[in-house]
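My entries follow in the order I made them.

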Amino acid sequence: PSKIPSDLIVWSAGRDWRRKVEQLVAEYLTAAVKRRLRRMDPDKFYCDDLSWLDEATEWVPFQTPVQLELPARLLTYRVRTFHACRPRDIRTYLRHGLRKLRLGEASRQLRRLIARHERLAALRDESALQTALARIEDSGREGWLYVGLDDRPLVEDAGHYLIYGSEYFAAVLAQAGGWWFQEVLKTEGVPTVLVVDLPLKLASDSDVEAFSNLLLVEWAKGTARRRWAAPWEDFSFSLAADLPPDYLTDHYHPARIRDPLHHFCQYSAPSTTCAGCAKSPPTRTSGRTPQRSG
């Protein structure tokens, strides 16, 4: 595996990011703190109640606790994140980056999808399409895009993004004609996980704080148990702005995906390569489809 840059946090590299967290707030996470943590119950290290951390670090009033200091220091770092999709041509992402959902743009793309597939001919009636659209357009999807900290849940728990692509399209087609319409989405594109090295300064304050708390909790649990592997983690960043293509550092195509819309049955991808693979060979640390550990 290639060396991880000094300013990058990669969740799967548990030893590396734990060392970086210690270095960032070294004056707080001392040898004495580690000894106290090993005498405590790690099952009670909660993200939403850090009183255990105050106890371990012997925090006193009028001092800045580590949980308030770490988020600010993390803003000079990037974090490796992942976005699951099913592009017809990945070069669109490589040219334009990741774009948040815009309903007008998505509706035009949906109409082009309908025009390509006879199975969806009933939706060429504008009133039928508008009825389906009206049922989902108030669901809060517009204006956001999401990237996950751990790619394993995207393959094993939330495989619908890889299998069906656009959640918006899938929702409209499910409203209009159930699984019979939705299955059309499996005929286009290739299931793809995009690797996005996200500068934390672009994330919201609340997401950075939540991420900081997660790092502290998992650092403390690893310290207490002397275990360094990163646990399975379903954490995501909600972004209100587009991400330029420079942040997309890699991509890969899982061969097998679990489908949550069909009782988590295993789905086999039609291809594990695309036009972008020839120009940008995979550089991730593992060539395997991520599997659940434990």
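Entry 1, salt bridges. I worked on a predicted model. I counted salt bridges first, and the count comes to 21.

I then looked up single pairs. Arg 102 and Asp 242 meet through their side chains in a salt bridge, at 2.8 Å from N to O. Arg 102 sits in the loop between α5 (91-96) and α6 (103-116), and Asp 242 in the loop between β5 (236-239) and β6, so this pair ties together parts that are 140 residues apart in sequence. I checked how open the two ends are. Arg 102 has a relative accessible area of 26%, so I noted this residue as partly exposed. Asp 242 has 30% and is partly exposed.

The next pair was Glu 126 and Arg 111, whose side chains form a salt bridge at 2.4 Å, N to O. Glu 126 belongs to helix α7 (residues 126-136) and Arg 111 to helix α6, so the pair ties together parts 15 residues apart in sequence. Glu 126 is partly exposed at 38% relative accessibility, and Arg 111 is partly exposed with 32%.

Buried or exposed: what are the ends of the salt bridge between Asp 150 and Arg 152? The side chains meet at 2.6 Å, N to O. Asp 150 has 5% relative accessibility, which is under the 20% limit, so Asp 150 counts as buried. Arg 152, at 13%, counts as buried by that limit. I also recorded a network, in which salt bridges that share partners join Asp 7, Arg 78, Arg 80 and Asp 197.

I looked for the largest nonpolar core and found 49 residues in it. Leu 37, Trp 52, Phe 211 and Phe 237 have the most contacts inside this core. Helix α11 (residues 205-225) gives the most to the core, with nine residues. I listed the neighbours of Phe 211, leaving out residues up to four places away in sequence: Phe 211 touches Ile 9, Leu 74, Val 79, Leu 149, Leu 200, Phe 235 and Phe 237. There is a second, separate core of 33 residues, and Phe 82, Ala 106, Leu 133 and Leu 162 are among them. For context, I noted that nonpolar side chains in soluble globular proteins tend to be buried together.

Which residues of α7 are buried? I found Leu 129, Ala 132, Leu 133 and Ile 136. They cover an arc of only 100 degrees around the axis, which puts them on the same side of α7. On the face of α7 turned away from the buried side I found the exposed residues Ala 134 and Arg 135.

Entry 4, strand β6. I asked how many bridges join strand β4 (residues 192-199) to β6. There are four, and the two strands run antiparallel. I looked up Val 196, and its bridge partner in β6 is Leu 248. Four of the five residues of β6 (residues 248-252) are buried, so I recorded the strand as largely enclosed by the rest of the structure.

Definitions and conventions:
Residues are numbered from 1 along each chain as its sequence is written. This is a predicted model: local features need pLDDT of at least 70, side-chain atom pairs count only at pLDDT 80 or more; totals for chains, interfaces and linings use all residues. Side-chain values use heavy atoms; hydrogens and water are left out. Buried means under 20% relative accessible area, exposed over 50%, partly exposed in between (1.4 Å probe, protein chains only). Two strands pair if DSSP finds at least two bridges between them. A salt bridge is a side-chain nitrogen of Lys or Arg within 4 Å of a carboxyl oxygen of Asp or Glu. A nonpolar core is a set of buried Ala, Val, Leu, Ile, Met, Phe, Trp, Tyr and Cys residues joined through side-chain atoms within 4.5 Å. Contact means heavy atoms within 4.5 Å. The arc is that of the directions from the helix axis to the C-beta atoms.
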